[in-house]
Structures are given as structure tokens and as C-alpha cells.
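Trainee: Please take one part of this model and go through it closely, with the cut-offs spelled out as you go.

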Amino acid sequence: MAGDAPFVDQFSAAAPLPALRAGGLARYRAAGLPGPAIEAWKYTSLDALTKLGLLPAGGAPTTLEALPEAALLAVDGYRAVFVNGRFVPAFSALDGLPKGAVVESLAAHIARDPAAAEAALAGADDGTPLVALNTAFLTDGLVLTVDRGVVLDKPLHLVSIGRPPDGQGVAFHPRHLIRLAPDAVATVVESHAGVGGAGYFANTVADIRVEDGATLRHYVLQNQAAEAFHVAAVRLALAARASYEGFVLHIGARLARHELAATIAGDGVDCRMNGLYLVAGSQHVDNTTFIDHAQPGSRSRQLFKGVLDDSGRGVFQGRVLVRPHAQKTDAHQLSRALLLSRKAEMDGKPELEIYADDVRCSHGATIGSLDQEPMFYLMSRGIDPATAYRMLVEAFAVEALDEISVAAIRDAFATHAQAWLATRRAGGGA
Amino acid sequence: MALLEIKNLHVAVDDREILKGIDLTLDAGEVHAIMGPNGSGKSTLSYVLAGREGYAITAGTIRFQGKDLLAMAPDERARKGVFLAFQYPVEIPGVAGMTFLKTALNALRKERGAGELDAMQFLKFVRAQAKRLEIGDEMLKRALNVGFSGGEKKRNEVLQMAVLEPILAVLDETDSGLDIDALKIVADGVNALRSPERAMLLITHYQRLLDYIVPDRVHVLAHGRIAKSGGKELALELERKGYGEFLGEAA
Amino acid sequence: MASSIDTRERLQSVTDQAYKYGFVTDIDTDVAPKGLSEDIVRFISARKAEPEWLLAWRLKAYRHWLAMPEPIWSHVKFPALDYQDAYYYSAPKATDGPKSLDEVDPKLLETYEKLGVPLGERALLAGVAVDAVFDSVSVATTFKKKLEEKGVIFCSISEAVQKHPELIKKYMGSVVPYADNKHACLNSAVFTDGSFVYIPKGVRCPMELSTYFRINAAKTGQFERTLIIADAGSYVSYLEGCTAPMRDENQLHAAVVELIALDDAEIKYSTVQNWYPGDVEGRGGIYNFVTKRGACRGRNSKIAWTQVETGSAITWKYPSCILQGDNSVGEFYSVAVTNNRQQADTGTKMIHIGRNTRSRIISKGISAGRADNTYRGLVRILPKAEGARNYTQCDSLLIGDRCGAHTVPYIESRNPSARVEHEATTSKISEDQLFYCRQRGLSQEEAVSLIVNGFCKEVLQTLPMEFAVEAQKLLGVSLEGSVG
């Protein structure tokens, strides 16, 4: 079909789960690549992606000489490594998992029990175009299952590397399934990076269920290669008294979008979703969240901070929905962006949609440059302007990282953030 | 006819019985104090008198000036002359204290068949009362109770009482959170309102307030019942001995 | 002050019944055939003896309108509009050009009396010059003489087309182009009347200017168009009030208001909108689809919108400011009340173009019954808006658990020296607040009215005195029966 959406012609009916994937393809095909006509994509355009002529990652190599520095985290934990979306056991370290905690590749899961895999995979596809696209091309990913009451003793580090072969761009669509049974506890850290000079498209979907009383800490370091397109959709279901602490740190990629959709399906839920985005050059970073308070008596908190330099562009769209009868909901959201350059741009759309009266819901959003007052204060104490400037930008950014409750991960993320901050020229572009 | 007559009053909150048979009679001109340990039901009694929702009257009657008080809506009770000085007065943003008081006063005056006061008369009247309570114009202009200190809130309650001239005033822990100077100001304000036509019910945890507002009768409320009644000397006795003898008593 | 007593009296009667303005005046009307076509556009233009260029402009708009899609992005639901099932021109007969009040049909004056419009002597006492628009034509404009002395032009837009074509030609459509949106486009094709104001250089308009709109005839759309030009260094405060009779069918009101403030000029535009909201079940009521926009063209110019929206079945309006001149200021103060089945999607756009431009948005939404109330706003800082400032505060109050309150701000900044701050909260009237008021003798309704007025205080205090009193009462009336 002429003018069909990108990737459609790459569909292979021969790969496993053809029916499930054909369904995804049909939904994607009907919608096409999302564009500004869709309210949810008002500020982010994928036009540049369509010009890359990306190949499916199926035949691309999954070998690596070493993990790139951009993906490394000084954190003691289990490790599962994916290259171009395929699980690579050689770089992984999964020995010694506690009893009741199982890590498996999605490909292995599908091979072992296709019917169960198909049933498990059906849930996350909400018909949004890129999730549908992911369904159409899904082959591999991480499957983490933690049984009732089991505590995963160390963080699981999920490393995703884009490795376009010989200057030819690739597209891959990892699908992760994370299931925490009641009262289970786990920490999952993702880091995303790339090697090689060509562009690639990582279209990740993480389908997460946190059952009654379970706790998931979920941290994402997006440190993709400069030519990468990174789109990650987290589909999160939280049962009663579940706790979710999410954080995303954006440093890399040409275009990145982290999209979280959380459904709060029970009372007493604590849902935290925070982030920091450090944007320079002509990067574009989009954080889009949707917290659906479908049940009464739960709490959600969001803090997103951004530092935008050069011609960097930041987008924050945060929607909080409180459904009828979701009384006693307590939802707060704050978006703050710092513009360091004349060409930087920030677009925000915090949104409240409230259908219950006995609630506490609020949001705040600020966009601006560094305050002159603290600058002056530091300088009056003898600090030179360049240092003062850097200190204040760092202070602004680090405040967001404080939301990460696991100290080792906070420190590891801070190391990457500080490396970025050190590259900012003194005095900025202002 | 007694001004207020409470008979065998049983009250439950969320199916839990808080008041378990209160009998209390107040005549015009009398000041009674209700004392008791925390959780004995003192505030429940004040809220039931004022008609707050969420309190189920499972048995008993309350008659005010011979009429069934429990059948009246909260604002109707207020217009008939029942005033509650709240323990925790609520903040109402954007509503100036004076506007509020004028609206309330005119609602009462209408009920009493008196004409509405014009702005000048009202201002003069309120300022005179406010001066006695050391409440300045600045405080009167502010939004109702918003940003008030604990002491300011209590003085404001007494000011409202002075302006609205109730027939029955119930003061719920009006002394709590006040330092000694503020307590004196509030007590002077209350004493100035004592009159042969007016009855007062002082609800308090401490005897301290009763040094300044001397009651005709003192009742001890414990476990939802009036455990002991006596003259003003009962308060002094409680001050010495504490509530120990009433606490052990199982319901 | 006779005027305020007058106001109080008429407001007392407002509070006495649910929707007092639901009467219909029985007057002979001159109507165009039902439906919409090029012929109707020509008919309207001919009736108004308009110059050729204006007819051409109307036809251009009409043809564009035919192909335009309905705006669908707002948070409101209603059946598709049947544009052919309405009248586009309805004028009381024998009213072409009243010279004085004596020439105005006494029945009309009676209507205005019922509405409480201070016409004639009462107008003099109130110090208000009134341009009253009845259905589609302006019936009487008071105070012309006094305004003329100052050089102020205040007349119907039809009259302005005849007498001041150069101003109309220069400014009409310059803030809201005919193709701006479907509703504004329709208005450009079929607008029938409205007000025109021109304040000359350096003149401070000696009195508040006021228009009262009323939709009387059945199945009539009202498409008034207002154009206000404040020349350099001038000031004007303009008031607008709206009512419509109770009818079961929905009526469309698609107005366009354009404001232009030149150097150092200031326009204050206040609206109390109380169109018929429909009944408890949502039958009938006005569709209030209005495009209001002001251009701060000059340096140090200022435009302030204040609106109190209590009526209409559906409100769709975003009074906006284009801040072109350096140091110009835009303000938007809004109270929107929805009860029963009403829907409101309202807010503003502040477009910062010039240096040191400032904007302030205070929005108070109150939702009760089964109503939906949405704040939708855009703050856009363009790259040259050095030192621009915006502050936005959106508060929603919910009364009952079957209504909705929504906040949808769009915030876009492309200048690092600009500062944009947005805050939004949602709350309800607490049981404690209600009980406290009732303990002091206020009825449930009085208590709600008092608390809501407190919630809206920041907005209400920006209204001229006359309107503030009316608005306060209206808030109470609109929310009657919402608690209990």
C-alpha cells in the first residue's frame, strides 16, 4: 500500500505469535506514526525518524566488545543485557537470584509456553500507535516475576544497547514484562545506551503489574547515542497498597520520549514518578505521564525537572485523572524547567481532570532562568560567576535526583548527571 | 421552665456510643462547667447541641426554651440563640470577618424581629466589642480565621458571641492554647456577657479557666456519663486529685 | 447612590426566583427566512445598507466557513449544530435608528426594566452609558452627547459601518481574522449588530460603557460583533451583561469581540454572562461560543478581561491578549460557575511577543450538580519577549461528587529571561466550613454563597462596583440547590 506507515512492510508473519503481532500491526497501521494531530503528541514530532530508513533488527548482530561507559552504573546487582533488543547471556549476570524471583528472556518464555506468553502480552497494548507497533514486532525482552512476599535482594540492572551495524540504522522493539506478586519487593534499573555512529530506534514497552502491598522501585537512565530515537512506554497497573517509585534521567538521544501510564486500581497506593532531563545541542526530550486514580484513597506524586541548553527542547505533559468516586485522592505534580540558552524551548501541559470532590489535587509548573539573587549571593561571597553558575545549575538538577530513595543508584545517576553538567560552558548561553 | 433540658441523651458516632445517658438542666442566668478527661465526650456534647452532622442520637431528648432542639437545623438553632464557640474554628478564605459577622447578625436580627443594622451602626457596635477583646481593625478586615494564631481565633470566637448575643452559649475548650494574658482577656469578655437572661456551658479540661469564670455548677463527664456534679469547689478538688478516680471506671 | 439601591432592588428579585429573565417579549419582529445561505448573508448586508466591501468580506467568510471543521478539542459534549434550523436575522420592527428614548418601543423599555438595565433617568443616575442589543439590532444608545463632547464614539457597529467606515475597515478582523475558527467565521458572515467604541488619543472615557445583550426571538442565533479601539494614552472600562429567555431548544450565541489598545492605552472589559443555562435536566439553554481577543499593539498598553460566567448550557470562550507592544500587560480574571448539566470550557491565551510583557491569569472554577468545568489556557512566550512574566493561578471548587473540574494549561516558553509560573488546586467546600456558618445562623444556601464568594474574591474585586454586587448575587442563585 503506497504511503503506508513506516515499518509496516517489514512485518514478518513467520516469527512467533503471528496472530498477536498481526493484531498490533493492524492497530498501528490504522493509526500510523503519531504526529501533532494527536493531542498526546502535540509537542513531539517523529518526522525525522521516518527519514532514516531503518531496518528491522532481526538480522543485526548482537555481539559487543564491552558494555559502553554510558550504560554503566556503579551498582552491585543482577544484570540482564540486551543488544538491539535481543537478550545476550554472555554479558548478563543472573546467578544467585533468590528463590521465587525468576528472570527469563521473553523469547525463551515464548518458546517455552507460547499460549501463556500470548496471554501475558495482550494486556499492555492499549492501542496507542507505538505500543501497537511494539506488539507487531516484539521478539524479545525481559520477563521478571517475583513471587508473593519475596524480596529481590539486589537491584536488577537491565542494560539495553543499540548497535546499528556498519552505518545502517536499525529499529528494535523490546517488550519487558515485570510481575510483582502481593507483598513482593524489587528494584529494577534500566540503562539505555548505544555504540556505533548510525541512528537507531529503540521502541520499548514495559508492562508492569504490582500486586497488593508489593513495592517496585524502577529507575531509568536514558543515555542513548547522539543519533538515537528513544521511545519508552511504561504501562503500570497498581493494586491496593502497592508502591511504585519511578525515576527517569534523560541525558542522551536525539529524540527521547518517556511515557508512563499508571492505573491505580486499589486504595492505599503510593505512586511516585519523578525525573530529570538534561538537554543540549538540538536534542528533544519529552516526558509524558498519565496517572489514573480509578480507586479512592491513593496518593500520587510527580516531580520533573529539566535543564535546557543550546537549542534543546523539553516537553512535559502530565495528566492526572481522578475518576468518579475516587474520593480522598491526594495527587500532586510539579514541573520545573531551567532555560540556559536563547534558543532553548520548553513546552508544558500539566493537566488535572477531576470527577470527585473530596480530593486534594494540585499541580505547579515553572519555566525560567537562574535567579539573579542566589547568583549575587554566591558572588558576594567571593565565588566567580562561572563557578556560581555551575553550582546553581547543579543544585537545581540534583534536587530532582534526591527523589531516588536507593542511595547507590542515586549516586550512580548523579555521576552521569554531573558528567553532563561539567560539559556546560561557564556562563551558559544566556 | 428550664432554659436547657437534656434528658437521657445517648449519642453514637460510627456505631460507637460516645454519650451514654446525659441528664443536664440549665436555667437562665446560670453558668455550668463540664469537665472531664480527654475522650470523655465533652466535644461530642457541644457538637450535638449545635447540630453537627455525623452524630446519631440513639435515645433521649434536648429541649431548649421548651422546644425540641434536636428537630432544628443548625442555622435554626443559631437563630434561636444557641451559640457554640468552637474549639477549632475553621478558616474560610476570602470571606472577611466583618462581612461574615454582619451576615450572621442580620440573620439573627431578622429572626428576632429587629431591623437590620446599617453599615455604620454595625461597625460602631463591633468595634466597641472588639476593643474589649483587644481585637484591632486589621484583624477584623482579614479573611475569617485565616492565618490567625490560636489565641486570635479564640478571641474572635468570643467577639462573635458578644456581637450575636446568644441565649445559650457553649464554649468548647475556649481556654486551650491561650497564654495567661490572653486567657484573662477572653475570660473578661465572657464575664461581661453573663446576664440573668443568658446561660453558659463551659467545656474545659483544666480548672484554670474557672479561676476567671466562676461557674454555678460543675459536672464531671467521664465515659459518656455525668459522673459527679457539685459546686465550684468540685473543680478545685479535680485540680488537686486529677481525673484518676473517673478514669478507671469501665463503661 | 441611587444606582446601587436600584441594583440592590433588582438583585433582590433575582434571588427570588430561579431564572428571572425567562420572560419573552411579544413584539413584532422583522425576521429573515430560516436557514443559512449566501442569500441570507446578502439579505443581512442589504438590510443594513452596507457598503460593497463589507458584503464581500462577509461572503468570503461564509464560503470559508462552509469548509471549516467544528472545533472538537474542548471538553464539552453536544449534538451537532443544525445551522439551517435557525434564524440569522431578527429585528424588532420600526426601530431603524431611534433618535432618542422616546422613539423606542415602550414594550422594549419595559423588557429592559425587567432586566434591570438602567436606561434613561436610571442610566443617568447610574452613570452608565448603555448600548442595548435586542436580538440583532442596537435599539438605544444613551449618553451619546456627553461622550461626543469628549470625542468618544460609542454606537452600534451598524452605525459605525455607515459613519466611521475607515475605522471599521482598518480594525475589524485585524485581531480575530474571519478564518480564525468556525464560530468566529460564522459571525463574520452573519453578524447583525454589536457595539463600537473608539476612544480618542489621551481621553479617559468619563463613564463606564455598557451593553446589555438579550436573545428574545425563538430559534434565533445571536451574532453580535464588538470592536473597541483605545487610541494612544486613552482609557475605557466596558461592561457587558447577557440574558436570554427560557426555551426548550438550544440557541447559538457566537459573538466576536475585538479590542485594540495602542500606546499607553488601557481597556478594561468586564462581562457578567447569565444566558439561560437550560433546566435541571439540561434541556434548552444557550450555546455560548464566543471569540474574544485583545491586541496590546502599543507600548505600555494594557488589556484586562474580567468575566463572571454563570449562565449558558455550554460556554466556549477564551478571552485572550496578544501582547505585541513592549511592556504591555494582559490580565484575565475569571469566575465560571456550572451547575446541573451545564458545561464550561473557558480560559485565556496570553501570547507574549514584545519585551517585558506581563500577564496574569486568575481563574476560579466552581462545579456543582452534574456539570463539567474546564479551565483551558495557553501562555506562550516567543523568542523576542525578553523579560516577559506570567503568573497563573487556577483554582477549582467542587460541590458534590457527580461534577467535574478540569485544568488544561499549555505553557510554552522560548525565551530564557522569561519567567512563567503556573499553579492549580482543587478543593471542595468542607463540611466544617458549612457547619461553622450555619452555627452562626446562616442558611445552607447563604453559607454556600458566602464561601463561594470568598473563593472568588480575587476576581470579583476587579469588577466595577455595580457589576460586583450583581455577580455576587448571581453566584448564590446559580448554585441554589447544589448542596443539601
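Mentor: What follows is a close look at chain C where it touches chain A and where it touches chain B.

The model is a predicted one, in which local features need pLDDT of at least 70 and side-chain atom pairs count only at pLDDT 80 or more, whereas totals for chains, interfaces and linings use all residues. Residues are numbered from 1 along each chain as its sequence is written, chains are lettered from A and ligands numbered from 1 in the order in which they are written, and side-chain values use heavy atoms, with hydrogens and water left out.

Let us begin with chain A. Counting as contact any heavy atoms within 4.5 Å, this interface takes in 33 residues of chain C and 34 residues of chain A. The size of an interface is often given as the accessible area lost when the parts come together. Taken as the area lost to a 1.4 Å probe and summed over both parts, the area buried between chain C and chain A is about 2700 Å², with 47% coming from carbon and sulfur atoms. If a salt bridge is a side-chain nitrogen of Lys or Arg within 4 Å of a carboxyl oxygen of Asp or Glu, four are found across this interface. One of them joins the side chains of Glu345(A) and Arg414(C), at 3.4 Å from N to O. On the side of chain C that touches chain A, strand S22 (404–413) and strand S23 (419–428) each supply at least two residues, elements being DSSP runs numbered from the N terminus (helices H or I, at least four residues; strands E, at least two). That side of chain C divides into 12 nonpolar, 12 polar and nine charged residues, where Ala, Val, Leu, Ile, Met, Phe, Trp, Tyr, Cys and Pro are nonpolar, Asp, Glu, Lys and Arg charged, and the others, including Gly, polar.

Turning to chain B, the contact involves 31 residues of chain B and 17 residues of chain C, and the two chains bury about 2000 Å² between them, 64% of it on carbon and sulfur atoms. Three salt bridges cross this interface, among them that of Arg52(B) with Asp432(C), whose closest N and O atoms lie 2.2 Å apart.
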